[in-house]
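Hi there,

Here is the structure I promised to pass on to you. Have a look at it first, and then read my notes below.

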Amino acid sequence: MDPTGEWDSDRPEGEEKGVVDMRSRRGQTIVIKLGTSSIVDEETHEPLLHILSLIVATAVKLRKDGHRVIIVSSGAIGVGLRRMDVQKRPKRLSSLQALAAIGQCRLMGLWDSLFQHLRQPIAQILLTRNDIADRTMYRNAQNTFMELLDMGVIPIVNENDTVAVSEIKFGDNDTLSAITAVMVHADMLFLMTDVDCLYDKNPRSNPDAQPIEIVEDIAALQADVSTAGSALGTGGMSTKIVAARIATSAGVTTVITRASTPDNISKLVRYIHATKGSPCLTPPCIHENGADSAEELLIQSTSSLAQSTPTLSRSLSSLDLEMPPLHTRFLPDADPVRDRHFWVLHGLAPHGTLYIDSGAHKALLDKAGLLPIGVVDVEGNFSHHEAVRLVVVEKVCPPGPDGKPWEGPGIEVGRAIVNYSATEVARIKGRKSVEIGALLGYADSEYVAARQYISFFKRESRPVTPSFEHMPFQPPPLSAIDSITVNPMSPR
């Protein structure tokens with residue numbers, strides 16, 4: 001039986017049975033993610049009604065402008081703390097789940113009350129990873145979202161913390177918002193936080209720090225973007241970078257901006273939509289073009305940005321646009337992951353790991369299936385038709401002192417849905433496909449995983465572009481962009 005339900009690898013993206021690509025419709029599909037610290041006071045645990053009211057007004061305005069809006073809202077546990085007069089977030093899972101059940105009712109009541117004043121219907125959607133682990137359920141969730149959006153409803157999404165445990169949790173609502181954005185084929189994902197944007201250096205210790213507005217290479221941001229979440233929430237800036245990587249890989253423009261000024265969302269939507277694809281308004285990129293170091297890249301970038309700023313201002317005036325608010329925008333991948341391959345990569349929780357050699361990896365990249373002879377080792381306890389990690393290692397023969405038939409750290413390159421269980425793979429690994437029947441007593445497939453059930457992470461490196469809309473005209477000091485940190489304070 002097909003583990004994913006129907007899988008027609010020749011069907012174009014957006015034409016999967018029962019699924020309509022939202023990007024083919026008029027208007028933009030916009031997902032807004034709000035963290036607990038953005039809507040609940042960290043000390044008193046009181047809902048920040050003025051922020052919630054502004055979010056509601058912004059969402060309704062976007063709807064009136066013809067856009068489709070989804071809100072991913074944290075805050076159930078924070079509101080539950082206030083409802084039960086509990087001072088600190090408990091550590092016991094059952095206590096957290098109980099507070100989430102209490103707080104979710106109150107939180108949805110607040111959203112419904114505020115939206116009702118503007119006669120805007122809303123719907124509650126609670127998800128866990130289990131809800132999308134089955135391909136049919138994933139498509140059903142897509143269809144529910146799309147039907148609600150067609151009805152003019154604003155879905156309010158949260159993780160179902162009442163029943164979620166570590167094995168089926170998304171981990172944080174940043175990840176949930178990214179998966180939601182891809183599920184509905186969103187155009188934009190807004191990750192609202194307590195800072196304006198990212199900076200090329202820590203502005204507290206570097207007065208010349210420049211805002212990073214355009215990000216093309218998320219890998220360059222991973223090293224130092226690691227601020228923790230609030231005392232109430234579970235996320236932080238690092239989880240937003242992970243969410244941006246997930247969303248942009250599937251073609252969703254992702255924006256980090258300040259939650260306390262949600263009206264900026266409307267301005268950014270108008271700006272991004274109006275300038276999309278316009279050569280004179282597209283930010284210049286840093287390419288390697290003969291540069292030998294990061295310093296030279298920064299010099300090239302600064303020169304290009306300074307030259308483009310007057311042109312940008314004239315172009316914005318001609319379009320009746322003003323300079324957008326400070327933000328960081330992660331550009332979508334030019335070759336996005338297809339919907340079903342995205343589901344394999346991010347919709348399924350891996351239950352184990354297959355270690356494969358470089359020859360098998362090369363064959364997979366050439367569209368071949370994974371044969372048992374290319375499997376070096378197996379780890380975990382998974383069943384057939386479950387997802388596993390694919391890790392490329394260097395095979396050694398004979399095995400090393402630790403008994404492992406491979407050495408080195410290994411590189412995780414993707415995910416696969418397997419045809420055999422962990423026990424079965426352990427028996428057939430390294431052997432030819434014709435031997436499977438003799439080794440197991442049966443042979444369901446010659447492949448450990450068929451090629452259409454294998455998806456790879458993208459590892460292309462793309463550059464980071466400092467902001468050209470808020471940077472001064474003078475070039476900054478010659479220092480390499482070797483760390484990206486989060487602005488701990490608003491510059492305005």
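R258 has a relative accessibility of 14%, so it counts as buried; buried means under 20% relative accessible area, exposed means over 50%, and partly exposed lies in between (1.4 Å probe, protein chains only). The partner of R258 in a salt bridge is D196, with 3.2 Å between the closest N and O atoms. By salt bridge I mean a side-chain nitrogen of Lys or Arg within 4 Å of a carboxyl oxygen of Asp or Glu. This pair links distant parts of the chain: R258 belongs to strand 9 (residues 253-258), while D196 lies in the loop between strand 5 (188-193) and strand 6 (198-199), 62 residues apart. D196 is buried too, at a relative accessible area of 1%.

Before you go on, please keep in mind that this is a predicted model: local features need pLDDT of at least 70, side-chain atom pairs count only at pLDDT 80 or more, and totals for chains, interfaces and linings use all residues. Residues are numbered from 1 along each chain as its sequence is written, and side-chain values use heavy atoms, leaving out hydrogens and water. Helices (H or I, at least four residues) and strands (E, at least two) are DSSP runs, numbered from the N terminus.

Now for the other salt bridges. How many does a search of the whole structure find? There are ten salt bridges. Side chains of opposite charge can pair when their charged atoms come close. Another salt bridge brings together the side chains of R431 and E435, with an N to O distance of 3.0 Å. R431 is partly exposed at 35% relative accessibility, and E435 is partly exposed at 25%.

K33 takes us to strand 1. Six of the six residues of strand 1 (residues 29-34) are buried, so the strand is largely enclosed by the rest of the structure. T29, V31 and K33 cover one side, I30, I32 and L34 the other, and all are buried. Strand 1 runs parallel to strand 2 (residues 68-73), joined by six bridges; two strands pair if DSSP finds at least two bridges between them. Within that pairing, I30 stands opposite V69. Strand 1 also runs parallel to strand 5, with five bridges, and there I32 stands opposite F190.

After helix 4 comes R119, with a positive phi near 55°.

Finally, the cysteines. C105 is exposed at 62% relative accessible area, whereas C197 is buried at 0%. The whole structure has zero disulfides, a disulfide being a pair of cysteine sulfur atoms within 2.5 Å.

Enjoy exploring!
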